[in-house]
Amino acid sequence: MLSKTMQEALNRQVLMEAQSSQAYLAMASWAEIQPGLKGVTEFFFKHSDEERMHMLKLVHYINERGGFAVIPSLEQPVLTFVSLKKAFEELLKHELAVSNSINELVDISLKEKDYATHNFLQWYVTEQMEEERLARECNDKLEMIGDDKSGLYLFDRDIMSMENGG
Ligand code: FEO
């Protein structure tokens, strides 16, 4: 059975993952109407789906441990970006905030002596390392590319394979 403190903290994470999903969905919709960003569009849509999966995993866990997962209302995410680079800077900022939040959850699970939740959270710890790596890699590449159109073309072409560590 989850403690009240643990349950509230996990529900805050439900909100965070839902907001991430919504933020990346907005990025996807923005990218879809830009010329030449087919790969990036696919990337953002896929990431939005992944965040929803992260949220669902939490929802099931909370409910299975005798709690009640609260489905939150969401704020309107940022809808437009001055450049692709700005969108990816936002994404990295977002992922760093999620990592902090996961770390806090791990901390709470230890304080609550909730070792099952501590164990459950390890999946998120690993996932965040990968998400941060990918977001940093995208930011570094876009920094190098600058306004170079052929560089952007290649970035868009290769982004889906970068996701797999390629
Ligand atoms: Fe579920 Fe990208 O954090």
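At what angle do α1 and helix α3 (residues 84-111) pack, and how far apart are their axes?

Guide: The model is a predicted one. In it, the axes of α1 and helix α3 (residues 84-111) lie 11 Å apart, and the two helices pack at an angle of about 170°. Angles over 145 degrees count as roughly antiparallel, and α1 and α3 are therefore roughly antiparallel to each other. Sorted by class, the contact of α1 with α3 comprises 16 nonpolar, seven polar and four charged residues.

Apart from residues up to four places away in sequence, Ser21 touches Ser48, Glu51 and Arg52.

The largest nonpolar core has 25 residues, of which Val40, Phe43, Phe44, Leu84, Phe88 and Phe155 touch the most other members. At least two residues of this core come from each of α1, α2 (38-64), α3, α4 (115-145) and α5 (149-162). The largest share, six residues, is supplied by α1. A second, separate core holds 19 residues, including Leu2, Met6, Ala69 and Ile102.

Phe155 deserves a description of its own. Setting aside neighbours within four places in sequence, Phe155 is in contact with Val40, Leu84, Phe88, Cys138, Lys141, Leu142, Ile145 and Met162. Through ring pairs, Phe155 is also linked with Phe43, Phe44 and Phe88 into a cluster.

Across the whole structure, a search finds eight of them. In one, the ring centres of Phe120 and Tyr124 are 5.5 Å apart and the planes stand at 55°, so this pair is tilted. Phe120 and Tyr124 are separated by about one helical turn because they are four residues apart in helix α4. Both Phe120 and Tyr124 are buried. Tyr124 also forms an aromatic pair with Trp123, with 4.9 Å from centre to centre and 80° between the planes, an edge-to-face arrangement. As to accessibility, Tyr124 has a relative accessible area of 2% and is buried, whereas Trp123, with a relative accessible area of 31%, is partly exposed.

Methods
Residues are numbered from 1 along each chain as its sequence is written. This is a predicted model: local features need pLDDT of at least 70, side-chain atom pairs count only at pLDDT 80 or more; totals for chains, interfaces and linings use all residues. Side-chain values use heavy atoms; hydrogens and water are left out. Contact means heavy atoms within 4.5 Å. Axes are lines fitted to C-alpha atoms, for helices over the stretch in contact, and angles run from 0 to 180 degrees between N-to-C directions. Angles under 35 degrees count as roughly parallel, over 145 as roughly antiparallel, 65 to 115 as roughly perpendicular and the rest as oblique. Ala, Val, Leu, Ile, Met, Phe, Trp, Tyr, Cys and Pro count as nonpolar, Asp, Glu, Lys and Arg as charged, and the others, Gly among them, as polar. A nonpolar core is a set of buried Ala, Val, Leu, Ile, Met, Phe, Trp, Tyr and Cys residues joined through side-chain atoms within 4.5 Å. Buried means under 20% relative accessible area, exposed over 50%, partly exposed in between (1.4 Å probe, protein chains only). Rings of Phe, Tyr and Trp (its six-membered ring) pair if their centres lie within 6.5 Å; planes under 30 degrees apart count as stacked, over 60 as edge-to-face and the rest as tilted.
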